Amino acid sequence: MAAPRITPPVTRPQAARGRRVHRARARRWSALLWVAPAFLVYAVFVLYPILQSVQYSFYNWDGIGPATPAGLSNWKAIFTQPELLHSVEHAFVLIIFYTVLPVGLGLVAATLIRELKPGPFNTTARVVLFIPQVLPLVAAGIAWSWMYSSGGLVNQVLRAVGLGSHARAWLGDFSFALPAVGVIGIWVMLGFCTVLMLAGIGNIDPSLYEAARIDGAGRFREFLAVTFPGLRQELVVCTTFTTIAALASFDVIQISTQGGPGYQTMVPGVEIYRLTFLQQHVGQASALAVFLAALVLLVIWPIQQLGRPR
Amino acid sequence: MSTATSTAGRRISRSVTLLALMLFAIVPLLSMFTSALGAPGSTPQGLSWPTHPHWHNFVDAWTAANLLALFRSSVLIVLGVVPATVAMATVAGYALAQLEVPGGKAIYILLLAGLTLPFEAIITPLYYDIQSMGLLGSRLAIILPLIGLLMPFGVFWMRAHFLNAETALTEAAQIDGANTWQTFRRIHLPLAAPAWSALSVLFFLATWNQYLLPLVLVNDPTKRTVAGGLGAFQGQYGTNIVLLSAGSLLIIAPALLIFLILQRNFVKALLQGAIK
């Protein structure tokens, strides 16, 4: 890029030229110093632990005594032990709630807000929808645990509309716990997706909408032909961000269900925590940890390719 | 005539849909608020204004959650994480974008690998590393790993910004005899203020709301972040829904207030980051 320019005139004496080249080389090496602090902290507290995780994954270790080599058994367990396998399946189910629904609803909300005139209602809608994104996920977990409890608002509403027989403690219910946790994900992600799409729509050339209207396109056609393609980049960002949040979810589930009832809402993040700190299966936890990191990369990669400018 | 009614109908359906989504976003917080005002120790209804609102619950929760200590601790952790990370990321991002760093490409790719890394993926070895450093239970146990974990995003962000920096300014400065550091410090750093201030906002939120690191590495809630302290508070008072609601609202209040005051800047910061 902006390399120091060293193109001295040909007439310049040889000695001066040598000095210049020497100085440039020193400057090049000193450029490493600029990167060193950032890279060192990262290497010590992130890269090295990743390598350790890989190493631990081939051992059985309780965290205190000596470790014994385990071969590939910890890795095989991920694909054979039902509780580990289920935790990975649940992570994929959560993508529906963390990614698909917020992106869809976010598109709807953004389209609707765009049609509003600028004014107090417009601003309020943006701010209110965005609030959940600013709160710690722990607060989301606490607020929704209360919503879903037997005396909580969800059951209160059901009773009020005469569906009281369906009331239950939602997070303790074997069939409903996972979707219930998923709805918390929608709640957290919706605002982010909406605001992102709104900004994207703002960048679409208004003449495209005009052209669509002149061609007699209805609302839906207009959306398919103009809005959707114009938002490609925003859609990719939103999908990437929320998919990582779904696969690596921890806070909300640790607070609201801790993976229960049974293993109905267990996800890899919570399972890693439990395996290490409650069951002292450090090797197994590490295999799952490396697997999770690789899985995220594997899922994100194709999404990112879609985002490349054509 | 028919178009008039259809636009009116469209306007109504639009407002109803939006109001429903807004209600969905705000109702859990309202439900927490009315519960926080219930009689101490009672189990209130999901969403109902109590006949005798007990405002004193907030005072009780303030003491029970030891909020002053908790906020102080979070501020200390934010001060430990955000300026250091932003500074290191800015300098590194500038070098990777504008200077010829030997092995710069490899360094950048290694950093990128950390961009999607879930924190859970390294929490196990991190625990044993922090233990052997003798830092377990101290705020440094949260601060140091968090600086490392946020670094990839920071460098990625600042590098993206400096890739578009004016090279003409660099050349002009060098003709005036400024060295590389002076060029960066006097010209490019001030020009990049929007980028690094937005990054600071994002890192503030990420630190303030960080839960996993304090949960694992620090037992004492008064040495944790706000989110970590909130988790501990829930563990202790999980069944006392009135106190839990009051305490949770108090704990989230500062970030919420800052957001409402600065919402334009907040949203702008998040959007800038997303597009990069």
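This is a predicted model: local features need pLDDT of at least 70, side-chain atom pairs count only at pLDDT 80 or more; totals for chains, interfaces and linings use all residues.
Student: How do you know how chain B compares with a compact globule of 276 residues?

Tutor: Such a globule would have a radius of gyration near 19 Å, but chain B has 24 Å. The radius is taken over C-alpha atoms, and the globule rule is 2.2 Å times the number of residues to the power 0.38. Chain B is therefore above the rule's value. Its C-alpha trace spans about 75 × 75 × 30 Å along the principal axes.

Student: What share of the contacts in chain B with a separation of 6 or more comes from residues 24 or more positions apart?

Tutor: The share is 71%. A contact means heavy atoms within 4.5 Å.

Student: Why is Arg14(B) called buried?

Tutor: Its relative accessible area is 12%. Buried means under 20%, exposed over 50%, and partly exposed in between, with a 1.4 Å probe and protein chains only. So Arg14(B) is buried. Of the 276 residues of chain B, 53% count as buried.

Student: What makes Glu115(A) and Arg14(B) a salt bridge?

Tutor: Their side chains meet at 3.4 Å, N to O. The rule asks for a side-chain nitrogen of Lys or Arg within 4 Å of a carboxyl oxygen of Asp or Glu. The pair therefore qualifies. It crosses between chains, from helix H3 (residues 82-115) of chain A to helix H1 (residues 2-36) of chain B. Glu115(A) has a relative accessible area of 24%, so Glu115(A) is partly exposed.

Student: How many salt bridges are there over all chains?

Tutor: Two, by this rule. Asp173(A) also forms one with Arg168(A), with the closest N and O atoms 3.0 Å apart. Asp173(A) is at 14% relative accessibility, so Asp173(A) counts as buried. Arg168(A) is at 25%, and so partly exposed.

Student: What makes the phi of Gln258(A) worth a remark?

Tutor: Phi is near 55 degrees, a positive value in a residue other than glycine. Most residues other than glycine have a negative phi. Gln258(A) is in the loop between H11 and H12 of chain A. At 42% relative accessible area, Gln258(A) is partly exposed.

Student: Which residue of chain B has a positive phi although it is not a glycine?

Tutor: Asn66(B), at about 55 degrees. It lies in the loop between helix H2 (56-64) and helix H3 (67-98) of chain B. Asn66(B) has a relative accessible area of 38%, so Asn66(B) is partly exposed.

Student: What is the omega of the cis peptide bond that joins Gly260(A) and Pro261(A)?

Tutor: Omega is about -5 degrees. Most peptide bonds are trans. Pro261(A) is found in the loop between helix H11 (251-256) and helix H12 (268-277) of chain A.

Terms used: Residues are numbered from 1 along each chain as its sequence is written. Chains are lettered from A and ligands numbered from 1 in the order in which they are written. Side-chain values use heavy atoms; hydrogens and water are left out. Helices (H or I, at least four residues) and strands (E, at least two) are DSSP runs, numbered from the N terminus.
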